[in-house]
Amino acid sequence: MANESSNHSASGKSANDYFKDGEKKFRLNDYQGAIDSYSKAIEINPNNAIAYNNRGNIEDELGDYQSALNDYNKAIDINGLDASFYINRGVVKRHSKNIKGAIDDYTKAIELDQQHATAYYNRGVAKFNQCDHKGAINDYTKALSLNPKHAKSYYNRAISKNNINDTKGAISDYTKAIEAMPLFAFAYYNRGNLMERLGRRQAAVTDHEKALEIKPQLITAMNERTENKNLIKNKVVNDLSNEEDINHQDAFYYYSQGNAEQKRSNNQLAIDYYTKAIEVNPYYAEAYNYRGLAKYNLCDYQAALDDYRKAIEINSIYEDAYIGCGLAKSALSDYQGAIRAYERVLVINPKNVAAYRNRGITKELEGNLEGACSDWREAASLGDADAAEWVKAQCC
């Protein structure tokens, strides 16, 4: 092996040769081979910031976030003036759920290069992850001022606008996304959902058919919507015996629509459907529970907690609702309240993995690592792979 001052390895290949090998292997999807080549390039020339950066990109792609973070840190240590290094490190921090760290890195990239559309776009995505929809919209707008044809900026801005109830603005942005990328199936699909929400049914059908034409894999989602609609159409055919049965059928329709929208991360639309279900049937515990989940996903933790409590009021042994209570209370920094909610679950079902797992996380947040480890060991014994990893990493 060559020493640090050498420009070649014992095989006679230079750092640049290995670097080029890494690029070639990456293009051929030989990720491990590319990592090996970049590693050899770094052995010969430990000051090649781009080699660290490129190796980090592959590690991020493979889900090895800690190794990727280490490589991006090294690239930045060598050259702290390259905005792309900060953008890439921001991406891996976001993948690691360190949203604040990601935003800090994107902001640093913008300080270094105020014309970098990708930095604004990525910061918008991170702000969306924090439920800062207005901040996300501002960043997507800045990205679009620099790159007016970026379909994903329009698409993501539409999602954020929908989450602040700017339905018309969202439809306009989905339309612009389609203009920039005419085969953008999900933009057609989401615009169709909003058209349906506004009562423009023919426009909704047209958009959904176009989405399906472009991306046949959406057939499952389309069938789900069709089946839900057929529940209503079939009421007369089924000759339901009384008004209460009809109301329950209506409530189930709205509940099912809410579930379909929540699966597609259309949380605000899901909330609207769950609310309609509850209006029809005020004792629909599942609708309260899943409306709570949709509100939790939008970071409206107090409103989520209220819905979980209502579900529990209707069904006092509703395990999922207690889990939701625990998550919402933890998000509101009521750690003792969260622990009590998880303990209630374990009274109902002593083998509820999520209760052990989440109670452990809450104890860790309180600084009680010993208690956290005890809960994670129990979760691991019940088959939770993540908890098993946490025990290995943090518990003696």
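The link of Cys 373 and Cys 395 is left-handed, with -90° about the S-S bond. Those two residues form a disulfide, S to S 1.9 Å, where the term means a pair of cysteine sulfur atoms within 2.5 Å. Cys 373 sits in helix H22 (residues 369–381) and Cys 395 in the segment after helix H23 (385–394), so the pair, 22 residues apart, links distant parts of the chain. Helices here are DSSP runs of H or I, at least four residues, numbered from the N terminus.

Some ground rules. This is a predicted model, with local features needing pLDDT of at least 70 and side-chain atom pairs pLDDT 80 or more, while totals for chains, interfaces and linings use all residues. Residues are numbered from 1 along each chain, and side-chain values use heavy atoms, without hydrogens and water.

A search of the whole structure finds one disulfide. Both Cys 373 and Cys 395 are buried, meaning under 20% relative accessible area with a 1.4 Å probe, protein chains only.

Now the rings. Phe, Tyr and Trp rings (for Trp, the six-membered one) pair if their centres lie within 6.5 Å; planes under 30 degrees apart are stacked, over 60 edge-to-face, the rest tilted. That rule gives 11 aromatic pairs. Among them, Tyr 155 and Phe 184 are stacked because their centres are 4.8 Å apart and their planes at 25°. Tyr 155 is buried at 14% relative accessibility, and Phe 184 is buried at 10%.

Tyr 255 and Tyr 274 have centres 6.1 Å apart and planes at 50°, so that pair is tilted. Both are buried. Ring pairs link Tyr 255, Tyr 274, Tyr 284 and Tyr 290 into a cluster.

Key
Helix = DSSP H or I, 4+ residues; strand = E, 2+ residues; numbered from the N terminus. Buried < 20%, exposed > 50% of the residue type's maximum accessible area, 1.4 Å probe, protein only.
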